[in-house]
Amino acid sequence: MEPLIHIANLYKSFGDLDVLNGFSLDLFDGENLVIVGRSGSGKSVLLKCIVRLLEPDSGTLQVLGQSVPALSQYEMDHLRTEVGFLFQGSALYDSMTVRENLEFPLRRHPEKMKGHVVEDLIVSTLKSVGLAHTIDMMPEELSGGMQRRIALARTLILRPRIILYDEPTSGLDPITAKEIIELMLQIQKEYHTAALIITHDMDCARVISNRMIILIDGTNYAEGTYAALSKLPDPRVQAFFK
Amino acid sequence: MPTTYFQQSALRRYLAETGEVWLFARRFFREAIRRPFEWRELLHQCYIVGNQSLFLVGMTGLIMGLVLTLQTRPTMEDFGAEAYMPAMVGVSIIREIGPVVIALICAGKIGSSIGAELGSMKVTEQIAAMEVSGTNPFKYLVVTRILATTLMVPLLVIFGDAIALFGSFLVEHVKGEVSFRLFFNKVFRQLSFGDLIPATGKTFFFGFAIGLIGCYKGYTSQKGTAGVGRAANTAVVVASMLLFVIDFIAVLVADIFFDL
Ligand SMILES: Nc1ncnc2c1ncn2[C@@H]1O[C@H](COP(=O)(O)OP(=O)(O)OP(=O)(O)O)[C@@H](O)[C@H]1O
Ligand SMILES: [Mg+2]
């Protein structure tokens with residue numbers, strides 16, 4: 001089976017700081033792949049390379065069979081509608097209401113409406129994340145957990161095939177974090193998306209992952225299911241499971 | 001040689017930044033003519049720019065007219081030339097003081113708010129979020145704001161000039177019993193196209209500079225929330241300096257073409 005995302009030997013450094021040192025991964029359809037790594041190990045950098053917010057120095061980087069660094073701006077913008085990105089801090093547009101937040105990408109990609117009415121799509125997507133009643137609220141009126149859900153709705157509205165989650169549970173209390181994890185699982189069933197999830201929340205990793213990669217020193221240090229990795233005797237891997 | 005090293009690197013930074021602003025401006029022109037246009041957001045930004053500064057510009061204009069007239073009147077009286085007051089005040093407000101003072105007010109008010117708004121959108125990754133949803137934040141945020149300031153600052157200057165002339169009239173009316181009609185007759189008889197065209201023309205460049213610098217500083221701001229404050233601050237400082245440079249060039253050009 002063709003992977004949705006294929007990364008091989010990816011390198012990225014900032015000046016003297018080598019962040020990614022030959023990182024590789026394959027994300028397959030229907031899969032939840034979790035990447036864990038310590039703070040500052042380059043997890044966000046990896047995701048940003050995938051959507052070309054950052055340019056990698058070298059290596060192969062293919063999304064849906066297309067080589068990301070080689071695409072024109074127009075082709076890239078089209079590809080980006082197939083890849084949802086949930087930011088670490090939600091990144092809702094704070095001068096717009098919830099409705100306008102969801103409308104913003106949709107109005108600029110009318111081909112994604114597929115004959116539906118904008119309002120219906122907005123309402124049904126908000127219902128999927130359980131927040132239909134917030135449609136006329138401003139982001140600042142919402143709690144952190146609700147903002148995360150709206151941000152997820154905003155990426156879902158374009159019906160992406162892949163969702164990249166940058167620490168979906170960071171900054172949330174354990175109960176809200178659990179709700180977000182359940183929501184992610186429900187979304188995957190409802191919208192049939194594959195997900196690349198970055199986290200250092202091991203509870204989240206255990207519940208959601210089909211497969212895990214441990215990112216250390218900019219490489220895939222270890223790879224396998226949660227159960228397999230948790231039994232690995234390597235102390236650097238065990239440090240994550242304590 | 002720490003001093004020379006510092007001077008060198010400061011100069012290099014200055015030149016590098018000038019180059020970047022230049023590229024930013026070029027990108028603006030390229031994206032501004034490419035469809036689709038963000039009409040609704042452009043109108044919204046025009047409204048915000050105008051609405052935000054209307055009161056301030058009006059107040060400044062009024063005080064400017066009052067003070068200028070109150071201060072020059074005694075001198076003119078000494079020469080027995082108080083009949084020339086409207087003509088003199090009119091020319092100085094419309095040609096120079098009005099555009100420059102009001103553009104400076106706009107640089108402070110509009111430039112800083114654009115710098116802070118885009119800066120905070122940048123550091124909270126809202127701009128990146130627009131990008132990864134396959135939309136064009138430069139077009140939505142930058143093009144609309146620069147166009148809005150380019151269009152609105154000239155209108156604000158005209159509005160401020162009018163209020164300033166009215167302020168001047170109030171003083172003349174009280175001190176010299178000049179009627180409304182006589183005052184404005186004298187003002188407009190003195191003004192020629194050689195005064196109006198360059199004076200209005202340069203305000204478009206003022207507006208462009210305010211929008212460009214505000215957007216550049218905000219859109220490229222870095223280093224967390226401290227960067228937002230710095231973006232707002234430097235936007236005002238750089239735009240204000242640029243206004244004087246543009247004014248100087250405008251005066252030179254007007255001098256050549258309109259033979260003042
Ligand atoms: N645009 C950039 N310019 C320079 N250095 C950067 C840039 N982005 C990230 N870095 C550096 O790359 C390293 C990895 O950053 P990254 O944000 O990927 O960490 P992370 O693994 O996501 O950490 P966290 O869990 O705290 O989010 C950090 O040392 C950071 O300082
Ligand atoms: Mg991160």
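**Exercise 1. The fold of chain A**

Among contacts in chain A between residues at least 6 apart in sequence, what percentage join residues at least 24 apart?

*Solution.* Before we start, a word on the model: it is predicted, so local features need pLDDT of at least 70 and side-chain atom pairs count only at pLDDT 80 or more, while totals for chains, interfaces and linings use all residues. Residues are numbered from 1 along each chain as its sequence is written, chains are lettered from A and ligands numbered from 1 in the order in which they are written, and side-chain values use heavy atoms, with hydrogens and water left out.

Step 1. Take contact to mean heavy atoms within 4.5 Å. The share in chain A is then 66%.

Step 2. Look at the elements: chain A has 9 helices and 10 strands. Helices (H or I, at least four residues) and strands (E, at least two) are DSSP runs, numbered from the N terminus.

Step 3. Check the overall dimensions. The C-alpha trace of chain A spans about 50 × 45 × 35 Å along its principal axes. Its radius of gyration is 18 Å, which agrees with the value near 18 Å for a compact globule of 242 residues. That radius is taken over C-alpha atoms, and the globule rule is 2.2 Å times the number of residues to the power 0.38.

Step 4. Turn to burial, where buried means under 20% relative accessible area, exposed over 50%, and partly exposed in between (1.4 Å probe, protein chains only). In chain A, 55% of the 242 residues count as buried.

**Exercise 2. Helix 3 of chain A and its partners**

Work out which helices the buried residues of helix 3 of chain A pack against.

*Solution.* Step 1. Name the buried residues: V98(A), R99(A), N101(A), L102(A), E103(A), F104(A), P105(A) and L106(A). That makes 8 of 10, so helix 3 is largely enclosed by the rest of the structure.

Step 1. Trace their packing. Within chain A, the partners are helix 4 (118-128) and helix 5 (144-156). From chain B come helix 4 (126-132) and helix 5 (137-176).

**Exercise 3. Chain B**

Describe the make-up of chain B and the surroundings of A32(B).

*Solution.* Step 1. Count the elements: chain B has 8 helices and 0 strands. Its C-alpha atoms fill a box of roughly 65 × 55 × 35 Å along the principal axes.

Step 1. Consider burial and contacts. Of the 260 residues of chain B, 47% count as buried. Residues 24 or more positions apart account for 82% of its contacts with a separation of 6 or more.

Step 2. Zoom in on A32(B), in helix 1 (residues 2-32) of chain B. Leaving aside neighbours within four places in sequence, A32(B) touches F37(B) and V143(B). A32(B) and L170(B), 138 residues apart in sequence, have C-alpha atoms 44 Å apart.

Step 3. Finish with the loop between helix 1 and helix 2 (39-78) of chain B, where P36(B) sits. The peptide bond from R35(B) to P36(B) is cis, with omega near 0°.
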